[in-house]
There are 2 protein chains.
Amino acid sequence: MRTVKDPLERKRDLMDMASMLFLSRGYEETSVNMIVEQLGVAKGTFYHYFKSKEEILEAVLESYLDQYAEGIKAFLEESSINGYEKLMFVLKNILSNNQGPEHLTKHVEDNKNARLHQMLDEKFYEKFYPIIVEILRQGIGEKIFHLQYPEEITQVLLLGIRAYMHIHIPNFKDSQYMKTKLQALEEILGKVLGMDEEKYAVRLM
Amino acid sequence: MRTVKDPLERKRDLMDMASMLFLSRGYEETSVNMIVEQLGVAKGTFYHYFKSKEEILEAVLESYLDQYAEGIKAFLEESSINGYEKLMFVLKNILSNNQGPEHLTKHVEDNKNARLHQMLDEKFYEKFYPIIVEILRQGIGEKIFHLQYPEEITQVLLLGIRAYMHIHIPNFKDSQYMKTKLQALEEILGKVLGMDEEKYAVRLM
DNA sequence: CGCCATTGACCGACGGTCGGTCTATATAAT
DNA sequence: ATTATATAGACCGACCGTCGGTCAATGGCG
């Protein structure tokens, strides 16, 4: 049987199925054959739309992170709050984002998703770096933050926090453990951002 | 032709060859066949010593990082310097360690080494976390550092700094760029560690 | 009719397995 | 002390299923 679809729709179908399988079974453990079999299309169709398995991974992650980041950017632009409030909003959002690929993927062993995580980290950084830098600049202008290297600090924080929150060595059900992590983060951020402790405090909870 | 060797030596040979190939061609681009062909041994021999390609990667990285961390530990234990000096020593060492796998691997595209880097990061963290925490505790006892969450701060810093130093977006020959990165790091560390600015300053260069 | 989305048989390379061989050493018999 | 025998485990390479990827053929639609 041969069904011709709107190319955009077909591409979406492929990406959706790939996304589902990557999340439930891991990237390496998902074969191109599985994707096309589940969809009932031929392998050639897959390679008509994507030139490699890695390319569809990139497309899936790009699409996900674009949506995510655009949502946040839209909110920030239409609200006129200060840098401190913006930063708290974004950080809380990121930290509570145990929805999304990272979370759904958690039950799959990491070693079957090395490439996925690497690419996710890259794209996450790529999308959020400009947002955070902009916020820090605003906060510096407003004399709320006091720091000399907003770009570099954004880099360390973005990368460090992400990796930091991914460490779940102990029973990650333990909410006390998470609480301590967040408290420590508050201390670190307060210090690094150089905020006036009397007027502002990092509140992540 | 069949040559029987001391098993430890054979294992070393396999690990050395694997290491060389992983570094020069990348992990994914190195096949088990290449390793055994270069050594002139049969594939069965490889699987007699390692139960998977991934296992030899782990053995190689474990061996490398063990050596590295043990060297540092030995130095720290036989010297009786304060926490501040110890931390500077370790940080400089880590930062200048653009020798070692990370550096040698740089000319290979990262996407052919996702699993290698993931595992390297894990093992790096695993080996250095206890060292840094110990140093921070010492420095706190000596009233040099002032912070509440040495464990968590070590986590963020270790992970953040590593990822941070790996970003080489612009021409990484540009020493001014590296200098700015290090200056920013100095500022961050100074703040996070809560050091008395008059007596101590983070000096990474 | 011409275009291109779609098909699925096909390919080489890969990681990994397996039945079996060879040799060095320990043990027992002479 | 010397020789036969048994055991362990290092070593071999043909073989396997699966994978990502290719491509010539073909069917459907503007």
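This is a predicted model: local features need pLDDT of at least 70, side-chain atom pairs count only at pLDDT 80 or more; totals for chains, interfaces and linings use all residues.

Residues are numbered from 1 along each chain as its sequence is written, chains are lettered from A and ligands numbered from 1 in the order in which they are written, and side-chain values use heavy atoms, with hydrogens and water left out.

Reader: How many residues surround DNA strand C?

Author: A residue is near a strand if one of its heavy atoms lies within 4 Å of it. The closest to DNA strand C are A:Arg2, A:His48, A:Tyr49, B:Lys43 and B:Lys53.

Reader: Which side-chain atom lies 2.4 Å from a phosphate oxygen of DNA strand C?

Author: A polar contact is a pair of N or O atoms within 3.5 Å; within protein, one must be able to donate a hydrogen and the other to accept it, and residues adjacent in sequence count only if both atoms are side-chain atoms. A polar backbone atom of A:Thr3 is 3.4 Å from a phosphate oxygen of DNA strand C, and a side-chain N or O atom of A:Thr45 is 2.7 Å from one. The 2.4 Å distance belongs to a polar side-chain atom of A:His48.

Reader: Which element gives the most to the surface near DNA strand C?

Author: Helices (H or I, at least four residues) and strands (E, at least two) are DSSP runs, numbered from the N terminus. Two elements give two or more residues here, helix 3 (43-49) of chain A and helix 3 (43-49) of chain B. The most, five residues, comes from helix 3 of chain A.

Reader: What does A:Lys43 contact on DNA strand D?

Author: Of the atoms of DNA strand D within 4 Å of the protein, 57% belong to sugar or phosphate and the rest to bases. A:Tyr47 has a side-chain N or O atom 2.9 Å from a phosphate oxygen. For A:Lys43, a polar side-chain atom lies 2.6 Å from a base oxygen.

Reader: Which helix supplies the largest share of the surface near DNA strand D?

Author: Helix 3 of chain A, helix 1 (7-25) of chain B and helix 3 of chain B each supply at least two residues. The largest share, five residues, comes from helix 3 of chain B.
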